[in-house]
Amino acid sequence: MPGKTGIIRRAARSYRDEMLPVSGNSREHAGLHHTFSMAERAAVYRAIFERRDVRRNFLPTPVPDHILMRLLTAAHHAGSVGFMQPWDFVVVRDRAIKSAVKKLFLKANAEAATRYQGKRAALYRNLKLEGIEEAPINIGVTCSRQRGGPHVLGRSMVRDTDLYSTCCAIQNLWLAARTEGIGVGWVSILDHSALKRMLGVPKSVTVLAYLCLGYVSNFAARPDLETAGWRERIPLKHLIHYESWGNTVTERKGRR
Ligand SMILES: Cc1cc2nc3c(=O)[nH]c(=O)nc-3n(C[C@H](O)[C@H](O)[C@H](O)COP(=O)(O)O)c2cc1C
């Protein structure tokens with residue numbers, strides 16, 4: 001399997017190989033003139049492949065306000081159902097709030113640990129699954145499910161599209177943060193009702209995520225859970241179905 005740099009280089013190379021032979025008007029005709037330059041593409045793919053969920057290695061270096069604003073602006077430019085923009089961001093720097101949230105995590109995590117047995121339980125207990133107090137900034141991301149009124153365009157059949165939209169905003173922030181050298185960790189092992197009260201979030205609003213952000217001494221090359229032996233990345237070819245479910249490359253080969 002190619003390394004990270006290999007993947008990024010390959011992504012950028014495919015631009016050069018595929019796009020260069022097409023020139024002038026025919027490029028425009030084919031819609032290729034909107035393609036990013038090779039360097040720009042490489043930067044985007046680098047952010048994608050080098051993004052990590054960060055729970056350790058946070059540094060106390062403060063995150064300047066204007067950088068935080070860049071990240072939140074990136075989040076705010078995510079797609080959202082009917083342009084609903086259902087998100088809000090509760091920025092937490094206060095140590096007392098962080099420590100209260102950490103207590104919530106410890107409780108929820110102790111409960112979660114009881115779901116595993118034997119070696120798996122021991123492995124779970126060794127995982128570091130949050131960096132709440134170490135991270136200079138925590139952000140509670142919410143979804144206002146009533147924003148935009150009762151009839152949000154595109155939401156009539158799938159009500160949860162507002163939640164999906166908020167996840168898109170988080171992913172934007174996560175990627176933008178990586179380009180700034182800022183690590184982001186998503187902590188979901190929390191009692192969200194208690195978290196909601198702690199952050200003073202109104203009843204009608206859903207707390208969707210709790211993020212920990214800060215500069216880091218190191219971005220891991222692979223997901224921590226993979227390194228710890230918890231779970232591996234599934235080969236992509238097992239997950240792509242051609243025309244209908246079950247028709248994967250592996251299945252097709254098997255059939256021949
Ligand atoms: C919705 C969501 C919830 C997550 N919750 C947690 C969490 O509570 N604790 C944790 O350590 N990681 C959490 N993660 C991070 C995942 O464990 C991580 O994304 C995955 O292991 C892949 O690693 P990577 O993000 O470094 O590629 C969460 C990620 C997502 C998308």
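Colleague: Which residues have the most contacts inside the largest nonpolar core, and how many residues does that core have?
Modeller: The largest nonpolar core has 34 residues. Those with the most contacts inside it are Leu173, Ala177, Val184, Leu211 and Leu213. Keep in mind that this is a predicted model.

Colleague: Why is S4 described as largely enclosed by the rest of the structure?
Modeller: Count its buried residues. A residue is buried if 20 or more other C-beta atoms lie within 10 Å of its own. In S4, 8 of the 11 residues are buried, so the strand is largely enclosed by the rest of the structure. S2 is mostly covered too, with 6 of its 8 residues buried. For the protein chain, 22% of the 256 residues count as buried.

Colleague: Now the strand pairing. How many bridges join S2 to S4, and in which sense do the two run?
Modeller: Look for bridges, then for direction. S2 and S4 run antiparallel, joined by 8 bridges. Two places show it: Val141 has Ala209 of S4 as its bridge partner, and Ser144 has Val205 of S4.

Colleague: Which sense, parallel or antiparallel, holds for S3 and S4, and for S1 and S2?
Modeller: S3 pairs with S4 in the antiparallel sense, over 5 bridges. Val184 stands opposite Leu213 in that pairing. S1 and S2 are antiparallel as well, over 6 bridges. There, Asp88 has Thr142 of S2 as its bridge partner.

Colleague: Step back to the protein chain. How many helices and strands are there?
Modeller: There are 10 helices and 4 strands. Along the sequence they follow the pattern α-α-α-α-β-α-α-β-α-β-α-β-α-α. The C-alpha trace spans about 60 × 50 × 40 Å along its principal axes. Of the contacts with a separation of 6 or more, 81% are between residues 24 or more positions apart.

Colleague: What does the domain assignment give?
Modeller: It gives domain 1 (1-50) and domain 2 (52-220). The centres of the two, taken over C-alpha atoms, are separated by 31 Å.

Colleague: One last residue. Is Thr227 buried or exposed?
Modeller: Thr227 has 10 C-beta neighbours inside 10 Å, so it counts as exposed. Thr227 is found in helix H9 (residues 224-227). Not counting residues up to four places away in sequence, Thr227 touches Ala220 and Arg222. Its C-alpha atom is separated by 27 Å from that of Lys98, 129 residues apart along the chain.

Key
Residues are numbered from 1 along each chain as its sequence is written. This is a predicted model: local features need pLDDT of at least 70, side-chain atom pairs count only at pLDDT 80 or more; totals for chains, interfaces and linings use all residues. Domain bounds come from an automatic or database domain assignment. A nonpolar core is a set of buried Ala, Val, Leu, Ile, Met, Phe, Trp, Tyr and Cys residues joined through C-beta atoms within 7 Å. A residue is buried if 20 or more other C-beta atoms lie within 10 Å of its own, exposed if 12 or fewer, and partly exposed in between; C-beta atoms are placed from the backbone. Two strands pair if DSSP finds at least two bridges between them. Two residues are in contact if their C-beta atoms, placed from the backbone, lie within 7 Å.
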